[in-house]
Amino acid sequence: MASVMAVMASGKDVLQPSPSLAQAASTNAGPPVKFGVIGCGYHGRDIVGTLAVLPNAPVVALCDHYGAFLRRTGRSAPDAKQYANYKDLLADENVEAVVIATPSHQHKEIVQDALKAGKHVYCEAPLASTIEDAKAIAMAAHQHPKQYFQAGLQFRSDPQRDFLVDYVRTGAWGQTVSARSQWHKKTSWKRAAPTNEREKEINWRLDKNLSTGLIGEIGIHQLDAKSWFLGKRPQAITGIGSTVLWKDGRSEPDTVQINLEYEGGIHAGFDITLCNSFDTDYEMYYGTDAALMVRGSQAWMFKEADAPMLGWEVYAKKDTFFKEVGIYLVANATKLTTVTGSGEDDAKDNPYNDTPLYYALENFVHNAYVHQSGVEDFIAGFGDEDEDVLREYLVELEGSKKPAANYKHGYEASVIACKAHEAILGNKRIEIPSELFELA
Amino acid sequence: MKLSQRIICYWSVLSLIWASTLLSQAQNTTYKGMFRGSSMKVDGTSTVHDWTIESKLISGAIELKGAFPSDLAVSEVPALSGTPKADVKISARSLKSGKPKMDQVMLAAMKADDHPWITYSLKSLAPSKAERKSGDALAYDSVGELTVSGVKKEIKMPVTFTPTEKGMKINGKIQIKMTDYGIDPPAPKIALGLITVGDELDLTFEWHTQKK
């Protein structure tokens, strides 16, 4: 009952099938799209492992200039051709789409070359370490409409978060008051390597001249989630950072805090630390009628005592946090029974248990096929002289694609990350003119 | 007849034939399908809810001998000089429901991998005998061949022609059955149980063309 009411409140269609991995593998998941993965470091390996689970995403090529990483990742994709130079991978006609998982400051040339080579592109977030490079990437995506481009803002593909945004738009939390988030994990963030030179290369994230540090490389997802949930872009950011524990010569702080200012007097605080693990990562959104907590793919609503009743919450599962009772929110459109049970049953109650990266790549495969087939059909019927008309058709096609971050989302999030990084390094407040978010 | 007179006579006849051919060719008009504004909707039913799929890519052309009547202020729909040639094609995978899973079910039922195109070829076009008033679109009764999933069937369909700034807008509507084209109405299994899709489909199209 609670699920039906939640579904009705969200306006979501009742007939969404259950998205378990097993079912995805056994149903018609769409024609395959052949992948090349450029950048076989930690995240690249994660991506290859995730693609291996998708039924229609064969990895046919891998690239890394560091042989040991290339060989190691090759063990997860034994049929993939291995390249040391990304240009050779892009020349491989068997590759239809590329995932770019190199260090962020190396994305630009690879994205530009990949689009010129006619490949669909999934570019990890942040798009780049500077606003100029992020803009160049976004413009390249815009100038190549025949290829599909997706930014690696995984949360935008997460079905639970997609449901939550629709729910938030119904005004469930009343008037927006503020927001807060954190990412805590006690870890050095430093990677070991056999030589000093390689260690310097592999620890690019600790170099303030090469990366946007914690706020960009880790915080990008929660920064974007705020823009998405609040429906606003920040107008100013105040930042502060310090190196509390990991004093090993790194130029990036290990503990950072920012305050984002939005229109209407709304502020959002965000802190990231590598020095303490308490409470890991979550986001809070505060409204005059309720607060919303989002942890990973789970969410709870905490209603104010004077907030109007929605009705269905009487039947909903509830969890207690210290003195607060949270109503469990789940995008469980297929179950018509009340969500019950204790916390241990969360996995059973919530069918969306795959990682955001899984959903992001699954949706990329689907969207790349829809995009490519749409372009092919358009050209077969009307030719390709008039790109403006093709672009009009591609706008129509958006309704057939699954939720995903596009180049505009990627660019805007990267602008926020770069400005936040600048504020942190300068221990200051920086204003962000709205024109900076526009792609000329 | 003297030889010179005969030669002049033959050349005159040949010139007349050549000129009249040129004249009739100059009068042929081609209207090429446009993306902007065109749409084919398929409305169907099921045991759970009604559904609609739509394609915005209707390509092809219609060629007429002579110009198409453009005066809607006529009291009667004029006959056309000769049967126009019209060939239309729509990619099966360009039909979209807005729900990715439903699109996959539909394409599988249509065997779209083996039969990627829906095609239509016009065989005859006669003025409609239905009552009309001045200013109404020009109504005709068409007979043509519709091919879906590799199965060709003759269909009779009332259509209307409306001149536009760029060329011609053609509208039509017909009801067909999936099973007539060898398509088994899908019965996808979902968490609630089986959905059974209804056999009858309403096809409604609006095709915008540009005069070439």
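Predicted model: local features only at pLDDT ≥ 70, side-chain atom pairs only at ≥ 80, totals over all residues.
Residues are numbered from 1 along each chain as its sequence is written, and chains are lettered from A, with ligands numbered from 1, in the order in which they are written.

Helices (H or I, at least four residues) and strands (E, at least two) are DSSP runs numbered from the N terminus, and two strands are taken to pair if DSSP finds at least two bridges between them. In chain A, six strands form an open sheet with parallel pairing, in the order S3-S2-S1-S4-S5-S6. Its edge strands are S3 (81–83) and S6 (149–151) of chain A, each of which pairs on one side only. Strand S1 (residues 35–38) of chain A runs parallel to strand S2 (residues 59–63) of chain A, and four bridges join them; Phe35(A) stands opposite Val59(A) in S2(A).

A further open sheet, of 10 strands and mixed pairing, has the order S14-S15-S13-S12-S11-S7-S10-S9-S8-S16 (chain A). Strands S14 (318–321) and S16 (429–431) of chain A stand at its edges with a single partner strand each, so one side of each has no neighbour in the sheet. Within this sheet, strands S9 (residues 255–262) and S10 (residues 266–273) of chain A pair in the antiparallel sense over eight bridges, with Gln257(A) opposite Asp271(A) in S10(A).

A nonpolar core is a set of buried Ala, Val, Leu, Ile, Met, Phe, Trp, Tyr and Cys residues joined through C-beta atoms within 7 Å; a residue is buried if 20 or more other C-beta atoms lie within 10 Å of its own, exposed if 12 or fewer, and partly exposed in between, with C-beta atoms placed from the backbone. The largest such core has 105 residues, of which Val37(A) and Ile100(A) touch the most other members. Helix H15 (residues 407–426) of chain A gives the most to this core, with 10 residues.

Asp46(A), Thr50(A), Leu51(A) and Val53(A) in H3(A) meet Leu357(A), Tyr358(A) and Leu361(A) in H13(A).

Methods
Contact = placed C-beta atoms within 7 Å.
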